[in-house]
Amino acid sequence: MSQPRPKFEPQIVVDAPESLWLPLIRCPANFPAEIFEVAILQLVHHPEYNSTLILRSEVLVEHTSDFPSLTPTLEDAIPVRCIHRKLLPRRPGRDAALEQYCTFYSTKGSTIVDNLVLTPIPDANGALPYYHPAVHHIRFRYLPGEVDVLQIEVDRLPGTPTDPNSRLYRTSLALLDTVHRYGWGALGNYKKRVHHDCIITREAYQDLYLLMRERHKHLVDTWQEVTDPYKHVFEDIGIATFLMLLWKDSYPASQETIDETAPWKSWGRPLGGFIDFGCGNGLLTHILVQEGYTGVGIDVRARTSWSHYAAPTPSSLRVHAFDPLSLPSDDALFPAGAFIIGNHADELTPWVPVVATLTSASGYISIPCCAWSFDAKFERSSTKGYPHGEGFVESLSLGGDGSNASSYSMYRIWLASLSVHCGWKVESETLRIPSTRNWAIVGRKREGDAEEARANAQEIVDDVRNRGVFKSRKPEGKAGEH
């Protein structure tokens, strides 16, 4: 069992000798010098983990010689590597991007990297964006001794305060904590259990998300429900972004002329459109329809929001109590090649892969929340399971402590194995949305014998019908008006 991380014990550096470099803060390293480079590489490649104002970084070029003139000369160390990166802001309309040199140094006579210096490249006016500390350079050091130490030093801009209440000090404290955490994780061979961007690349997702957020953030101000608008609006913008990119990768592009202001208009999309099961407030359907995608959202009752959305969304939202036991008589709801969306669909969640198989859907996504089996709450001790192969569970990236013993983990394993039973190749993704229930299972490719998969799905329907427990909900309100 891995050891817990030692307590982070930062100390203000006092009585430092007069120098270009001002030592601000230090802490015991708790890991050997050989690990330092691993820790600071993580810091360089993922600045967004330390600042909510930074979206990500992009490496522009890497030097191992002929280092840029802005990189500082250190008396006791020599440069061995320089990464020229670009910091991309999360809100480009407010903050500017910034290029930066990240220079790795080794103490003279050593091959171990024990210094990192970050050097911002200011704009033509010499200005730095708000998210960057007011410094010429910020230096991370590994100092060996009786107690090995991590230390942060700065070459600050004139007049920049460094007292414990200052922004520069607080930023340095957070950075030191991060390096300490990364180093200990590397020492313990930390294995990340939640993996993002398995299906869609982070860069593609983030770039499109920024555009979608600007196009739809006004929905926060016109929110008609009593629920939190910020959570729902930005969560559904994130899901819509993921679906648009998933469909782009899964279906052929159209032959229409590309609109440079909205290139997704010509991207691939499901030929039968989409069906949003249990669409609730209809927001996800609204965003997709407004961006040119064909589809419908169904729910057992209309919501206040439905009639307030801009055209043509209201005509795409329908009151309908879908009964999976009515198939194939309910086939009219499912055009050939439709894509099924189950976003926190509750009782309909386990039916998503079953219905996708029986209606010859082109794919589906399910984002499970409450744990339901076909006609009752999911019980890990009594709900019938489905076989799966070796390594299957590990491939699902379920997160948590890795034991997969929680009820929610067991439910997701059950859903994934059900999908395989119905003939789908399982893909999973931890979505970048503001929700603790952000794990998604995607089916977009068939595998195995198609007739056997269909027979398996039909057997589930027949068994549920024979038990006689399942009751579909009844439409509420004036269904004919929607």
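**Note on the cavities and the sheet**

1. The largest cavity in this predicted model has a volume of about 60 Å³, and a search of the whole structure finds two cavities of 30 Å³ or more. Its lining is made up of H196, D197, I200, Y205, F242, E429, T430, L431 and R432, which by class gives four nonpolar, two polar and three charged residues.

2. The second largest cavity holds about 30 Å³ of space, and the residues that line this cavity are T349, V352, P353, S366, L415, S419 and I441. By class they divide into four nonpolar, three polar and no charged residues, with α6 (351–358) and α7 (407–421) each supplying at least two residues of the lining.

3. Turning to the sheet, eight strands form an open arrangement in the order β1-β2-β8-β7-β6-β5-β4-β3, with antiparallel pairing. The edge strands, each of which pairs on one side only, are β1 (11–12) and β3 (54–63).

4. Within this sheet, strand β5 (residues 98–107) and strand β6 (residues 113–121) run antiparallel and are joined by eight bridges; T103 has V117 in β6 as its bridge partner.

5. Two helices should be read together with the sheet. Helix α1 (residues 36–45) lies across β3, β4 (77–89), β5, β6, β7 (135–143) and β8 (149–156), and runs at about 20 degrees to β6. Helix α2 (residues 167–187) also packs on the sheet, where it touches β1, β2 (22–28), β7 and β8, and its direction makes about 35 degrees with that of β2.

Methods: Residues are numbered from 1 along each chain as its sequence is written. This is a predicted model: local features need pLDDT of at least 70, side-chain atom pairs count only at pLDDT 80 or more; totals for chains, interfaces and linings use all residues. Side-chain values use heavy atoms; hydrogens and water are left out. Two strands pair if DSSP finds at least two bridges between them. Helices (H or I, at least four residues) and strands (E, at least two) are DSSP runs, numbered from the N terminus. Contact means heavy atoms within 4.5 Å. Axes are lines fitted to C-alpha atoms, for helices over the stretch in contact, and angles run from 0 to 180 degrees between N-to-C directions. On a 1 Å grid over the protein atoms alone, a cavity is a set of points where a 1.4 Å probe fits but cannot get out, and a pocket is an open set with protein on both sides within 12 Å along at least five of seven lines; lining residues have an atom within 4 Å of a point. Grid points are joined across faces, edges and corners, and a volume is the space filled by probe spheres set on the points. Ala, Val, Leu, Ile, Met, Phe, Trp, Tyr, Cys and Pro count as nonpolar, Asp, Glu, Lys and Arg as charged, and the others, Gly among them, as polar.
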